[in-house]
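Trainee: I would like to learn how to read a few backbone and packing features. Please take them one at a time.

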Amino acid sequence: MSTKTVDYARWRKLISKVQLIAAFATLLAEIVINTILYVTRSQGYSPETIVSKLLRYLLLTSLINFGAIIAGRIILSRIPENSPRQRYVLVMTIEAICIDVAYSHYQFGVTLGIFVIPLSFCILYEDFKLHNITLAVSIAGLLAAAIARGLDPVYNTDIVAETIIAFTILFVFSFFARLIINVLKENRQELLRVQKEAEKAKYVDELNKKNAELAKEKERLNDLTRESILALSNAVEFNDHYTNGHLQRVANYSKLIAEKMELSRDKITEIYYAGLLHDVGKLGINNEIINKPERLNDEEYETIKQHTPMGYKILRDMSEKTDFKDLSNGAKWHHERFDGTGYPDKLKGTEIPLIARIIAVADSYDAMTSTRSYRQSMNCDQVRQELIDGKGTQFDPEIIDIMLELLDEGKITGR
Ligand SMILES: [Fe+2]
């Protein structure tokens with residue numbers, strides 16, 4: 001179906017008026033003209049014969065045609081506006097008017113001229129089916145007109161020759177109408193194709209622009225997140241006088257382990273950030289306990305253990321709203337032990353998220369290689385032995401193997 005917008009309502013109103021005027025005008029004209037013709041040309045017939053012939057003619061042609069026009073008009077008014085069916089009724093009603101004129105005046109030239117109008121509508125609507133119907137009705141109309149004319153004693157012209165000429169003109173016009181419809185349809189399809197492609201190109205262009213904007217926005221958000229993470233990490237570092245670069249080192253070791261495990265680039269970045277923030281919960285613990293130079297008593301140890309759930313609370317929103325979904329898990333579970341005896345939740349084995357298992361190894365390694373006020377740092381062999389001893393109990397054995405490889409390769413050398 002053509003996508004062309006045709007103003008059916010406007011045409012309907014116009015044709016409706018023409019129909020009504022034509023119906024009454026032709027009926028009146030036929031009565032007057034035929035009465036004159038029968039009276040003046042039918043010399044020799046008795047007045048009774050003339051009246052009888054006239055009545056029969058009017059009944060057979062004019063009244064039937066008048067009825068057809070009125071019926072067409074009623075049907076047209078009942079079909080919803082802009083319905084595709086309306087075009088068929090509309091064109092067929094015009095045909096009825098044309099055939100009516102053909103019957104009334106027997107002028108093939110005029111008749112053909114009027115047949116051009118319905119066929120022109122087929123071009124307007126670019127409708128082959130409507131064209132075929134119109135052609136069939138036109139042929140029937142012309143034949144009926146020729147037969148009516150041949151039967152009428154008033155006329156004596158060469159009906160066969162005139163009919164042949166009329167049909168020839170009709171078929172030639174019909175052929176060109178088909179041709180024009182075809183060209184119009186093809187042009188429309190081509191136009192639609194071009195329009196579709198243009199729309200697609202525009203859509204792709206808009207999508208690319210939107211994607212670029214989103215990428216920019218994401219980058220800005222990532223920058224902001226990174227700055228926030230660094231600021232938070234610095235705050236922890238300032239608060240805890242004994243860390244002395246501990247967070248940065250844990251982050252670096254964690255990153256090296258993650259790289260060796262061939263994790264994705266995004267995951268490696270996340271693990272690095274989680275290393276920087278694993279002790280962020282210490283911001284919520286009393287400073288005196290954090291910075292106490294002596295070994296902690298049991299009560300103080302219990303208090304300091306609270307830095308894990310606190311860290312989780314601090315980072316939860318950031319984790320949820322950024323790409324770093326595991327950030328808070330690193331802070332919460334980096335003191336869990338592989339054998340399930342750690343804190344805060346006594347998670348076991350792979351129940352502990354990978355990010356926390358990595359940080360646990362990196363964190364312990366840095367603690368062993370750092371000097372604290374209450375103990376000296378261990379030497380390389382001692383550290384290696386501690387890591388090996390903790391395999392499967394404190395630490396994930398796989399991560400310990402990776403850590404040992406990194407030590408052997410000299411990629412991690414302690415302080
Ligand atoms: Fe910690």
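Trainee: Where is E126 placed?

Mentor: In this predicted model, E126 is in the loop between helix 4 (108–125) and helix 5 (128–151).

Trainee: Is E126 buried or exposed?

Mentor: Count the C-beta atoms around it. E126 has 20 others within 10 Å, so it is buried; the cut-off for that class is 20 or more.

Trainee: Which phi value does K346 have, and where does K346 lie?

Mentor: Phi of K346 is also positive, near 50°, and the residue lies in the loop between helix 12 and helix 13.

Trainee: Which residues does the cis peptide bond join?

Mentor: Y343 and P344, with omega at about 10°. P344 is placed in the loop between helix 12 and helix 13.

Trainee: How do I read a nonpolar core?

Mentor: In soluble globular proteins, nonpolar side chains tend to be buried together. Here the largest nonpolar core has 38 residues, and I257, Y273, L277, I358, I359, V361 and A362 touch the most other members. Several helices supply at least two residues each, among them helix 6, helix 7 (246–260) and helix 8 (265–277). Helix 13 gives the largest share, eight residues.

Trainee: What is A362 in contact with, leaving aside its neighbours within four places in sequence?

Mentor: A362 is in contact with V250, Y253, S254, I257 and G275. There is also a second, separate core of 23 residues, which includes A23, L90, I94 and I99.

Trainee: How do the axes of helix 6 and helix 8 cross?

Mentor: Read the distance and the angle together. The two axes come within 8 Å and cross at roughly 30°. Angles under 35 degrees count as roughly parallel, so helix 6 is roughly parallel to helix 8.

Trainee: Which residues meet there?

Mentor: I229, L232 and S233 of helix 6 meet Y273, L276 and L277 of helix 8. By class, this contact has five nonpolar residues, one polar and no charged.

Trainee: Where is N234 found, and how far is it from Q248?

Mentor: N234 is found in helix 6 (residues 159–239). N234 and Q248 are 14 residues apart in sequence and 9.5 Å apart in space, C-alpha to C-alpha. N234 has 13 other C-beta atoms within 10 Å, so it is partly exposed.

How values were computed: Residues are numbered from 1 along each chain as its sequence is written. This is a predicted model: local features need pLDDT of at least 70, side-chain atom pairs count only at pLDDT 80 or more; totals for chains, interfaces and linings use all residues. Helices (H or I, at least four residues) and strands (E, at least two) are DSSP runs, numbered from the N terminus. A residue is buried if 20 or more other C-beta atoms lie within 10 Å of its own, exposed if 12 or fewer, and partly exposed in between; C-beta atoms are placed from the backbone. A nonpolar core is a set of buried Ala, Val, Leu, Ile, Met, Phe, Trp, Tyr and Cys residues joined through C-beta atoms within 7 Å. Two residues are in contact if their C-beta atoms, placed from the backbone, lie within 7 Å. Axes are lines fitted to C-alpha atoms, for helices over the stretch in contact, and angles run from 0 to 180 degrees between N-to-C directions. Angles under 35 degrees count as roughly parallel, over 145 as roughly antiparallel, 65 to 115 as roughly perpendicular and the rest as oblique. Ala, Val, Leu, Ile, Met, Phe, Trp, Tyr, Cys and Pro count as nonpolar, Asp, Glu, Lys and Arg as charged, and the others, Gly among them, as polar.
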